Amino acid sequence: MPLFDWLTKRFSPRIRAAWHYRRGVLEARAGRNDSAIIDYTIAVEMPETAPDVRAMALFNRALAYSTIDDRESAVDDLSRLLEMPAASAQIKTEARRKLLRMKRSDER
């Protein structure tokens, strides 16, 4: 029975959400931003995703959108992140910094 319990926990929706987030990070590092966006989206949309993982997935998805010049989607994700009460102060600070950099870039 312990093996069955382990397998059940191993493949729980919460674990799968974190797995998609981590795979998104690897895809982004490899320069495959479209694939990263797909994995981040899955992590964001799963109801079982932990709030901190959802916040990081939103931030990283915004960065991926920014990389492929989809500014509107990037701003939407960063704005959504800033409205999340469960997001850490650090990730909110980074989101504000990214929005400010994007705004400065637009002004040039």
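This is a predicted model: local features need pLDDT of at least 70, side-chain atom pairs count only at pLDDT 80 or more; totals for chains, interfaces and linings use all residues.
Hi everyone, and thanks for coming. Let me start with the overall picture. Following the chain along its sequence, you read the pattern α-α-α-α-α-α. There are 108 residues in the protein, and 40% of them count as buried. Now look at contacts in the protein with a separation of 6 or more: residues 24 or more positions apart account for 45% of those.

Let's go to helix 3, which covers residues 33–45. Helix 3 has 13 residues and spans 18 Å from its first C-alpha to its last, close to the 18 Å expected at 1.5 Å a residue. Which residues of helix 3 are buried? They are Asn33, Ala36, Ile37, Asp39, Tyr40, Thr41, Ala43 and Val44. And what covers them? The cover includes helix 2 (13–29), helix 4 (51–67) and helix 5 (71–82).

A quick reminder before we look at pairs. Two packed helices are described by the angle between their axes and the distance between the axes.

Next, turn to the contact of helix 3 with helix 4. Here the axes come within 9 Å and cross at roughly 155 degrees. That angle makes helix 3 roughly antiparallel to helix 4, and the crossing of helix 3 and helix 4 is left-handed. Helix 3 brings Asn33, Ile37, Tyr40, Thr41, Ala43 and Val44 to the contact. Helix 4 brings Arg54, Ala57, Leu58, Asn60, Arg61, Ala64, Tyr65 and Thr67. The residues of the contact of helix 3 with helix 4 split into eight nonpolar, four polar and two charged.

Let's stay with helix 4 for a moment. Helix 4 has 17 residues and reaches 24 Å from first C-alpha to last, close to the 24 Å expected at 1.5 Å a residue. Its buried residues are Val53, Arg54, Ala55, Ala57, Leu58, Phe59, Asn60, Arg61, Ala62, Ala64 and Tyr65. What do the buried residues of helix 4 pack against? They pack against helix 2, helix 3, helix 5 and helix 6.

That brings us to helix 6, residues 89–107. Helix 4 and helix 6 pack at an angle of about 20 degrees, with their axes 10 Å apart. At that angle, helix 4 is roughly parallel to helix 6. Helix 4 passes helix 6 in a left-handed crossing. From helix 4, the contact uses Ala55, Met56, Phe59, Leu63 and Ser66; from helix 6, the partners are Ile91, Glu94, Ala95 and Lys98. The residues in the contact of helix 4 with helix 6 divide into six nonpolar, one polar and two charged.

Finally, a few words on the loops. Asp69 sits in the loop between helix 4 and helix 5. Asp69 is not a glycine, yet its phi is positive, at about 65 degrees. Is Asp69 buried or exposed? Asp69 counts as exposed, because its relative accessibility is 70% and the cut-off for exposed is over 50%.

The loop between helix 5 and helix 6 holds Pro85 and also Ala86. Pro85 counts as exposed, at 78% relative accessibility, while Ala86 is partly exposed, with a relative accessible area of 45%. Ala86 and Pro51 are 35 residues apart along the chain, with 5.9 Å between their C-alpha atoms.

Key:
Residues are numbered from 1 along each chain as its sequence is written. Side-chain values use heavy atoms; hydrogens and water are left out. Helices (H or I, at least four residues) and strands (E, at least two) are DSSP runs, numbered from the N terminus. The expected span of a helix is 1.5 Å times one less than its number of residues. Buried means under 20% relative accessible area, exposed over 50%, partly exposed in between (1.4 Å probe, protein chains only). Contact means heavy atoms within 4.5 Å. Axes are lines fitted to C-alpha atoms, for helices over the stretch in contact, and angles run from 0 to 180 degrees between N-to-C directions. Angles under 35 degrees count as roughly parallel, over 145 as roughly antiparallel, 65 to 115 as roughly perpendicular and the rest as oblique. A crossing is left-handed if the near helix is turned anticlockwise from the far one by less than a right angle, and right-handed if clockwise. Ala, Val, Leu, Ile, Met, Phe, Trp, Tyr, Cys and Pro count as nonpolar, Asp, Glu, Lys and Arg as charged, and the others, Gly among them, as polar.
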